[in-house]
Amino acid sequence: MTAYIIKRLLTAIPVIIGLSVIVFLIMAMIPGDPALAILGSYATPENVERINRDLGLDRPLPEQYLIWITNLLQGDFGRSYILNRPVIDEVLERLGATMILAGTALVLCSIFGILAGVVSAVRQFGWTDRVVTFFVLIGISMPAFWLGLIFILLFAVQWRILPASGMYAVYGGGDLSDLIRHLILPAATLAIVATGVVARLTRAAMLEVLRQDFVRTARAKGLDERAVVYRHALRAALVSIIPVIGVQAGFVLGGSVYIETVFQWPGLGAMLVKAVSTRDLLLVQGGVLVAAALYVLVNLAADVAQAMLDPRLKS
Amino acid sequence: MNAILRGVASATLALALALAGPAAAQTPPNVLVVGQIAEPASLDPHVSTAANDFRIHVNIYDGLVRNKPGTLEIEPALATDWTISEDGLTYTFSLREGVTFHDGSPFDAETVKFNFDRMLDETHPFYETGPFPLSFNFASVEDVTVVDEMTVEFTLNEPFAPFMSNLASPTGLVVSPAAVEEFGEDYGRHPSGTGPFKFEEWESNARVVVSRNDAYWNGAPSLEAIVFRPITDANTRVAEMLSGGIDVLVETPPDNVATFRQDANFTVHEAVGPHVWYAMLNVKEGPFADKRVRQAVNYAVNKESLVDDVLQGTAEVSAGPIPPAFNWAHNDEVEPYPYDPERARELLAEAGAEGAELTFYVTEGGSGMLDPVPMGTAIQADLAAVGLEVDIETYEWNTFLAEVNPGLEGKADMAEMAWMTSDPDTLPYLTLRTEAWPENGGFNSSYYSNPQVDELLNSARTSTDPDERAELYKEVQAIVHEDAPWLFVANWKQNAVTTANVEGFQLQPDFSLVLRNVSKN
């Protein structure tokens, strides 16, 4: 298993390097440059040139890339010239917030998605299945940012029971219950949309498994139906569900871009949106790399979990 | 199974109820919470370029002079009085005694010299703490001399009348040299000024907190603290205001102004601002090379409808390049072009430009651009009504600037643009002179050129007599109005919403957010 993990980690290296080149090139190619973003309508050619010189953007692209990557290997992500602070400080702070939000949403969507999928599969074509499927489809089809705004309107403006935005109260607060109160709406919004996919795929996997011989055997030997479904069938179905959750991690990370903007959650997604529009090159590059590394790690974890569940993959 | 679902559901509900205290959204007493449109870039006023940042700076810092509340007239701040030499080249300031920075260091003539040298002198030891994008406001400063401890002298290399208003702009705010020396390039996160509020903390992406400076030279403010919260999404910002999470909302979306106006729990504030929204017309080539076509589009567009319907009354119709907010320099006799499609058609016929095809650059957003896409399409529709075929090309703001600033030649016939400035000189000087064509490093991207206007603008800049300057600017407006190098559209009225318990709040014509006189019950 250790060898497997090390092998998987090693294959991640070219992925990250390739990504670093792609991100760098995309940021270099999009029109509009950082000097324009900094200067706004005051961007005279003279000012632009001065700022480009200050930022080292007047050098040839390969040289810029090499400087960036060399510094990166020494742990120096550079400085964000829009935020005037080290990129790594900003990214790590934001990463923490995103992990809390995306992590909670991922856990929620896994629990509810698997539960809903199992219920649907067990009662296939029954009314429970129809009701669950109905809601699941609504969840999948709803734009997350719209749902978020509706939640804000209802819970924060209308009923005033939850805060509209932010991660902590602006004054006082800052403890765990404060965090949870702020987390409920964005995490629920993100989870509702992601739950649908997990539910649909769990249903399919469960239907597949429930038809198999070992399930019939389990029932035949007189096991409680609950034990058949959860201990035998679900365990087998999880082998195909877990990779889906790995992929959902990517979806949740991506979805957090809108959600973080709507709920003013200080995470990586909202940071990247702003960084792209202000052409904060080093911040975008650093942020994307860290997000990509996170995604690779989550998928690695999913694969390892799958391998542990599935004896066929252990070797 | 159902039991599990039910269990999870009731646990979630119980948790939600337990956590949802009654005070879900309430701002603390005597602490003002301001909903900002974005995280500030820096709390170093010389580094920032955004109005969003300046709203915080003006509460932490003072300049040598400032705009008198509610006006664009200069009044003393850190300088108590000043003299200007006959030739307009030497400005001598007497400084206020006994002022200290929040970090405890004293304010004196050396401080002032440090501030301007840091921005302007590439060999200054702290020049590296920049870049200082707006330092060109002081490009005419040749030298800053310490005459004695409390007297400082600025020598200019040419007479430059806007110098005083630039000193009153955020770029003229005075930072603590001791703090710059201590924090270096991180100064922007550890600011220290002489202003009514001192910096407490900046928690990234969550809040900037400033607290009352009890030793403020102009009297300690009433508020105990101000919290600036960045809320980038406009809908969320409005929702926070409605739910009581903030006390002051700036840049209210036009669609929501009416909602707040009807609600007695809120007060809507409006003020004119030195803002101009226009569409520049490519004077060099194509149909707009003919003055009659340029005038025709000014007649053809229903500006009243733009400001009332698209901008929902958050702006006023503009008549020329100098906004009425500069009341001393504004020519009240120049009236906006009336909405007259018939006249437009006649002019187009005279010029033989009926059915001309035009390319119109529209931006998706950007500083001061209001609602650029709906405005662009409304203009397109009005021009279609007089038979002009307008082809809109939309760009994201940075891309848009990269297309427009180098000039419209060979690319487009018209482009949206907006400016906010601190002196009537800035906008026409940068966008209407022949010497400001893009190839000379200016912003005259539509190649307007009128020697008379050039002459007037140059003399207005060097004249030190305010009355004479005013006359020159009035003349500029009349000529430019007639020449119509732009489609003159709107002057934005800035707006803000406060909750009913906020008192003494006033919007400033220079777009800053001065909170030293505000109190909260």
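Begin the tour at strands β8 and β9 of chain B: β9(B) covers residues 207-212, and six bridges join the two strands, which run antiparallel. Strands here are DSSP E runs of at least two residues and helices are H or I runs of at least four, numbered from the N terminus; two strands pair if DSSP finds at least two bridges between them. This is a predicted model, in which local features need pLDDT of at least 70 and side-chain atom pairs count only at pLDDT 80 or more, while totals for chains, interfaces and linings use all residues. Residues are numbered from 1 along each chain as its sequence is written, and chains are lettered from A and ligands numbered from 1 in the order in which they are written.

**The strands of chain B**

Select B:Glu201 and find its bridge partner in β9(B), B:Val209. The hairpin formed by β8(B) and β9(B) has three residues between the strands, and B:Asn205 in the turn shows a positive phi of about 65°. Continue to strand β10(B), residues 225-230, which is antiparallel to β9(B) and joined to it by four bridges. Here B:Ser211 has B:Ala225 in β10(B) as its bridge partner.

**Domains of chain B**

Colour chain B next by its domain assignment: domain 1 (1-57 + 195-247 + 501-521), domain 2 (62-184) and domain 3 (275-492). These bounds come from an automatic or database domain assignment. Between domains 1 and 2 of chain B, the contact takes 19 residues from domain 1 and 20 residues from domain 2; two residues are in contact if their C-beta atoms, placed from the backbone, lie within 7 Å. On the side of domain 1 that touches domain 2, the elements giving two or more residues are α2 (51-60) and β8 (197-203) of chain B. That side of domain 1 has eight nonpolar, eight polar and three charged residues. In this classification Ala, Val, Leu, Ile, Met, Phe, Trp, Tyr, Cys and Pro are nonpolar, Asp, Glu, Lys and Arg are charged, and the others, Gly among them, are polar.

Select B:Thr151, which lies in strand β7(B), residues 151-156. B:Thr151 is partly exposed, because 17 other C-beta atoms lie within 10 Å. A residue is buried if 20 or more other C-beta atoms lie within 10 Å of its own, exposed if 12 or fewer, and partly exposed in between, with C-beta atoms placed from the backbone. Leaving aside residues up to four places away in sequence, B:Thr151 touches B:Thr92, B:Ser94, B:Leu95 and B:Ala109. Of these, B:Leu95 is 56 residues apart from B:Thr151 along the chain, and their C-alpha atoms are separated by 5.9 Å.

Move to B:Glu251, in the loop between β11 (248-250) and α7 (254-262) of chain B. B:Glu251 is not a glycine, yet its phi is positive, about 50°. Most residues other than glycine have a negative phi.

**Helix α14 of chain B**

Select residues 451-462. The twelve residues of α14(B) should span 16 Å at 1.5 Å a residue, and the end C-alpha atoms are 17 Å apart, which agrees; the expected span is 1.5 Å times one less than the number of residues. Buried in α14(B) are B:Val453, B:Leu456, B:Leu457, B:Ala460 and B:Arg461. Seen down the axis, the buried residues of α14(B) fall within an arc of 130°, so they line one face of the helix; the arc is that of the directions from the helix axis to the C-beta atoms. They pack against α13 (426-431) and α15 (466-483) of chain B. B:Pro451 and B:Gln452, on the other side of α14(B), are exposed.

**Across to chain A**

Display both chains. Their contact takes 51 residues from chain A and 46 residues from chain B. Among the elements that give two or more residues to the chain A side are α2 (34-39), α3 (45-55) and α10 (225-262) of chain A. By class, that side has 31 nonpolar, twelve polar and eight charged residues.

Chain A has 13 helices and two strands. Buried residues make up 44% of its 315 residues.

Focus on α3(A), where A:Asn47, A:Val48, A:Arg50, A:Ile51 and A:Leu55 are buried. These residues cover an arc of only 165° around the axis, which puts them on the same side of α3(A). Their cover includes α2 of chain A. After α3(A) comes A:Gly56, with a positive phi near 75°.

Finish at A:Phe125, in the loop between α5 (87-122) and α6 (127-141) of chain A. Is A:Phe125 buried or exposed? A:Phe125 counts as exposed, because it has 9 C-beta neighbours inside 10 Å. Its phi is positive, near 65°, in a residue other than glycine.
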